[in-house]
Amino acid sequence: MLRESYTAIVERSEELKGGFATEPYECGWAGEAIFFVRTLERVGSLEGVRLNVQISPDGIRWCDEGASVTLGEEEVAFCKVAHFGNWLRLSGTLPDGARMRAIIALSLKA
Amino acid sequence: MQEHSRAILNADPSLSRFDPLPRIIYHDDFNRGLRGWVELIGNYEDSLDSMLPQYADMRPPMLSSGTHWDTGTHGAMQGTYSMKLATRARAGDISVSIKRVTWRHRGPVRLEAYFTFKPEASALQLSVDDVRAVGVLFDLQDQEYRWMPHWRYLNALQGEPVRSWQFKRKREPFHDIGGRAETVSHFHLAPSGWENVPDSAQILCYNEVATKFNWYYLRMDLDLAGRQITHLQCNDRVHDVTAVGPMMIPAMPNLDCMLNVAFWVETDVDKRAFLYVDSVLLSGDW
């Protein structure tokens, strides 16, 4: 049996600034995931900004899982996560005056 | 359908609840993945910014186990997983997923699905008027026309219950996309121009809290040769389709034999709305 896989584009080019979180993504069927953050445009310094992986019992209430994506100079940053229950999202806070547009892909595999 | 064909369908629990035409074009049971259903995106050229803004964020579909804060995993009608479409928590937001194939015979086709819809269970309230609409559309093309049957259940509008089935034949304006005169786009799901189908009112089994799912049957038949909608049905309600029609557009480049199906959900309040599709079957007669 092939392993099921699916990539969801959970954020696409909307302007992100201040505190934000991606929309809840239900993926309890998957056993592993990678969040890829491809930065399309940045204003201000994003060096070292951490976007935290969050998990949830119900898709409404969230807590940090412990993994995070650290933004740097490169176009694409990522982090891996496993054993995450039924929902995932990415949450972070950009520094005052900074903003970005990104494609955030959630790559899932059973 | 011939008796032996029906007997074969009846022997398979995943097919016996459908009434397909002789050829099954696809049968998507979401216990086996998303099976080609993908977020709808608008046309663009050179930059994503060239897209019509209504198409910029139609949200990716998910495989949902229907899990809730109060009772845990509800599951699907058959098995655990259904395809879930989710809006953002913003009144008027729409989520659309589409499956794209082409037709090999210009004859009858039939779409059947089992579905339900709910608002996000973020409030301990009935919330029955929070989902604005759910719907299904075809996007089709033959040598002369692109035609687009649209059918939706308008559950509520601006806080008021409606509970009516509607269709849309009014065309929306086309806009040039980019600067090379190669691409156009139109937002056919715009809120204007919807008309009630005959005998449109239908109360669906919402149940009593947002975490209780009851599944509904949907069927939409088309005649590709006659460019007609020939049957609209939800559960036990069959509508008279005599006066029901699709959007008609002169044939466009690069869309020959297109046979696309899309589902969507729209929220009426600043709360996420969810459409769950347990399974979809598209069949044809040739």
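Which residues are linked in a network of salt bridges? Some notes on that, and on the rest of the model, follow.

1. **Ground rules.** This is a predicted model, where local features need pLDDT of at least 70, side-chain atom pairs count only at pLDDT 80 or more, and totals for chains, interfaces and linings use all residues. Residues are numbered from 1 along each chain as its sequence is written, chains are lettered from A and ligands numbered from 1 in the order in which they are written, and side-chain values use heavy atoms, with hydrogens and water left out.

2. **The network.** To answer the opening question: Glu11(A), Glu23(A), Asp57(B), Arg59(B), Arg88(B), Glu120(B) and Arg272(B) are linked by salt bridges. A salt bridge here is a side-chain nitrogen of Lys or Arg within 4 Å of a carboxyl oxygen of Asp or Glu. By this rule the count over all chains is 37.

3. **One link in it.** Glu23(A) and Arg88(B) form a salt bridge, with the closest N and O atoms 3.7 Å apart. Glu23(A) sits in the loop between strand 2 (19–21) and strand 3 (25–26) of chain A, and Arg88(B) in the loop between strand 6 and strand 7 of chain B, so the pair joins two chains. Strands are DSSP runs of E, at least two residues, numbered from the N terminus. Both Glu23(A) and Arg88(B) are buried; buried means under 20% relative accessible area, exposed over 50%, and partly exposed in between (1.4 Å probe, protein chains only).

4. **The interface overall.** In chain B, 33 residues are in contact with 24 residues of chain A, contact being heavy atoms within 4.5 Å. About 2100 Å² is buried between the two chains, and carbon and sulfur atoms give 46% of that. Buried area is the accessible area (1.4 Å probe) that two parts lose on being put together, summed over both. Arg88(B) turns up again here: with Met62(B) and Leu63(B), Arg88(B) supplies 21% of the area that chain B buries against chain A, more than any other three residues.

5. **Polar side of the interface.** Between chain B and chain A there are six salt bridges, including Glu39(B) to Arg12(A) at 2.7 Å, N to O. The count of residue pairs in polar contact is 11, both residues at pLDDT 80 or more. A polar contact is a pair of N or O atoms within 3.5 Å; within protein, one must be able to donate a hydrogen and the other to accept it, and residues adjacent in sequence count only if both atoms are side-chain atoms. Strand 3 of chain B gives the largest share of the side that touches chain A, three residues.

6. **Ser65(B).** This residue lies in the loop between strand 3 and strand 4 (67–68) of chain B and is buried at 5% relative accessible area. The side chain of Ser65(B) makes a polar contact with the side chain of Thr67(B) at 2.7 Å.

7. **Asp268(B).** Worth a look in the viewer. Asp268(B) is in the loop between strand 20 (258–267) and strand 21 (273–284) of chain B, and is buried at 6% relative accessibility. The side chain of Asp268(B) reaches two backbone nitrogens, that of Gln158(B) at 2.9 Å and that of Gly159(B) at 2.7 Å.

8. **Salt bridges within chain B.** Arg132(B) and Glu266(B) meet through their side chains at 3.0 Å, N to O. Arg132(B) lies in strand 9 (residues 131–141) and Glu266(B) in strand 20, so the pair ties together parts that are 134 residues apart in sequence. Arg132(B) is buried at 14%, and Glu266(B) at 6%. Asp142(B) also forms a salt bridge, with Arg227(B), at 2.7 Å between the closest N and O atoms.

9. **Cores.** The largest nonpolar core has 84 residues, and those with the most contacts inside it include Tyr25(A), Phe35(A), Phe115(B) and Phe263(B). Such a core is a set of buried Ala, Val, Leu, Ile, Met, Phe, Trp, Tyr and Cys residues joined through side-chain atoms within 4.5 Å. Strand 21 of chain B gives the largest share of this core, seven residues. A second, separate core of 16 residues includes Tyr55(B) and Ile94(B).

Definitions and conventions. Helix = DSSP H or I, 4+ residues; strand = E, 2+ residues; numbered from the N terminus.
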